[in-house]
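Q: Could you walk me through this structure? I am new to it.
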Amino acid sequence: MGKKIFVTYKYGDTDVYPLKDMWSEVLTDTMTRVRDYVTELETILHSTNDIYKGEKDDQPLNVQKTTIQTKLKDKIFDSSITIVMISPNMKNPFIVESDQWIPWEISYSLGEYQHNGRISKTNAMLAIVLPNRLGQYDYYIEQKTCCTEGCRYLKTENLFKIIKNNMFNEKKPINKTCTNNSIIYYGHPSYIYSVKWSDFIVKPNHYFNIALFINSNISDYDVTKRILQEIL
């Protein structure tokens, strides 16, 4: 039985690398959206016998928010892994985070709820970072020369707070301080593991297994499950 996977993302963010350019080197006049990456992800999941539990691209959006929430709750409840697609414009700075879909879907994924006689467990989480329009990831992941072995720097300040708060939240992290006073972490210091799209598509099950391993050790993390209220 394949893994049941829910995906949360900013549907219309077009500041991402054109998928057709990536695969066929054929330029296209059609603007690539994050939703197009999700469609590609659906194909990948089908090939691994995993089950996509998110909404379909042709589902109507002109329905009440409470109706959408009810359907999403059912899908999230019946999943074990939630993927959050990190894209350059995933956040709307003019709307409080508690009124945006991604934080709500992550919060529900991390919660434990009773439904039809069943109790859900906190989902495993995986952040898949999409390349920006120039094919780069450095808006979020930057390779640096920390210590002698090097490291990757995650720009968590660009994320929704509920994602940021579940990064580097291991209770007893293994780390060391370099001579330039930068700190590098070993193992899995974050409950939400981050991976570049280009790495994920090569071996998706490897990264799903990382997320599931972290989830199996959830007591080692200070997991933030609720959206913090804020005022713009």
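Predicted model: local features only at pLDDT ≥ 70, side-chain atom pairs only at ≥ 80, totals over all residues.

Q: Which residues touch the most other members of the largest nonpolar core?
A: Met 85, Ile 86, Leu 126 and Ile 163 do, in a core of 57 residues. Such a core joins buried Ala, Val, Leu, Ile, Met, Phe, Trp, Tyr and Cys residues through side-chain atoms within 4.5 Å; buried means under 20% relative accessible area, exposed over 50%, and partly exposed in between (1.4 Å probe, protein chains only).

Q: And what is Leu 126 in contact with?
A: Beyond neighbours within four places in sequence, its contacts (heavy atoms within 4.5 Å) include Thr 82, Val 84, Tyr 193 and Phe 208.

Q: New topic: is helix 4 mostly covered or mostly open?
A: Mostly covered, as nine of the ten residues in 101–110 are buried. Among them are Trp 104 and Glu 105. Helices (H or I, at least four residues) and strands (E, at least two) are DSSP runs numbered from the N terminus.

Q: What covers those buried residues?
A: The cover includes strand 1 (4–8), helix 3 (65–77) and strand 6 (124–129).

Q: How do strand 9 and strand 10 run?
A: Antiparallel, joined by four bridges; strands pair if DSSP finds at least two bridges between them. Thr 177 stands opposite Ile 183 in strand 10.

Q: Is Tyr 185 buried or partly exposed?
A: Tyr 185 counts as partly exposed because its relative accessibility is 35%. Tyr 185 lies in strand 10.

Notes
Residues numbered from 1 in each chain as written. Heavy atoms only, no water.
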